[in-house]
Amino acid sequence: MQDVAAKQGSLEHERLVIRRGARSGVTLMVAVHSTALGPAVGGCRMRAYRCWQDGLADALRLSEAMSYKCAAAGLAYGGGKTVVALDEDADPARIDRHSVLLDVGDLVAEFGSRYSTGPDVGTCAEDMIVVRERTPHAFCLPESHGGFGFPAAPTSIGVLAALRAVSLHRFGTPSLAGRGIVVSGLGAVGERLARSLAEQGAELKVSDVDDQKRVLAKELGAAWVEPQEAITTDTEILVPAAVGQILDHDVVSRLRCAAIVGPANNQLVTDDVADLLRQRDILWAPDFVANAGGVIYALAREVEGIGHREAIDRVHGIGTTLAEILTNADRAGRTTLATATDLAATRLRTPR
């Protein structure tokens, strides 16, 4: 086991624990970036990595992004992340998933009320039932167990609010009717977005690595784009709804869109890509602002116990927050990333 507390000038995170699970032998880690605004929250990611250090990089990067996501959304929570780093050559069928999740629960339990986890890439609401066997600090459980499941619906509602804010800022109207939009990735969130955009009359193109999603494209009356071409397809708004780390200098130099708004986490490979986007006059909605709907809703419902309508109203607030960021970025002649990061950092420095 390795338990690392942040030190001045070294690790920015408050606490990092890395260990092999007592039952499973799998490498597990929890990174808590900040509890300045309140208890840290962040999903449990389970996936194969080339080496455990790659999983560590994910945990550190995503927990920091979660701090900024919560702060930008005005939530009284900080950022954390659980990563289950499976071996790259591991056979998923041979992994004792139940044991892995019990080990996750034990690790999360050590943080007490300072950190709670939920579903993320590679995990689901049902997995949180197992984690709950070892700690109460797991959320987004299935409805049958008193939770509200994986928050794909509120995430997509929040992205739609962000899309309207960007459309108003760039095109002068919040309406998405007739707007050329490419949705890249048709998972739980991407499919919901595509359906909503089709209902609103967008000129829709969709893409996914799963070729069977062509059936959905036909159902929605959307044009199909091959996955390798989706990001650089000629369109007005690009919606990255699959994996992150997709926008680097090379890709941005080949973009043919006016704006980018999507639920994918950590879309920029490096922060300086935001400068190139601004130079090319491509309006980018910071991902940690646009995709916060799921965490806003889940925390409101499961932790604070408020009603559905009020929780959805909070999700719609993403549009207001993003509109403020876009306006302030224009006034200051700065990138939307710098403006959104400053907003979140200011809140993180403000005592509760």
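Reader: Is Tyr 297 buried or exposed?

Author: Buried means under 20% relative accessible area, exposed over 50% and partly exposed in between (1.4 Å probe, protein chains only). Tyr 297 is buried because its relative accessible area is 9%. This is a predicted model, in which local features need pLDDT of at least 70, side-chain atom pairs count only at pLDDT 80 or more, and totals for chains, interfaces and linings use all residues. Residues are numbered from 1 along each chain as its sequence is written, and side-chain values use heavy atoms, with hydrogens and water left out.

Reader: How many aromatic pairs are there?

Author: Rings of Phe, Tyr and Trp (its six-membered ring) pair if their centres lie within 6.5 Å; planes under 30 degrees apart count as stacked, over 60 as edge-to-face and the rest as tilted. The count is three aromatic pairs. One of them joins Phe 148 and Tyr 297: the centres are 6.3 Å apart and the planes at 85 degrees, so the pair is edge-to-face. Phe 148 is partly exposed, because its relative accessibility is 29%. In another, Phe 111 and Tyr 115 have centres 6.0 Å apart and planes at 65 degrees, so this pair is edge-to-face. Phe 111 and Tyr 115 are buried.

Reader: Which residue lies over the face of Phe 111?

Author: A charge sits over a ring if NZ of Lys or CZ of Arg is within 6 Å of the ring centre and within 35 degrees of the ring normal. Arg 15 lies over the face of Phe 111, 4.5 Å from the ring centre. Arg 47 is placed over the face of Tyr 49, at 4.4 Å.
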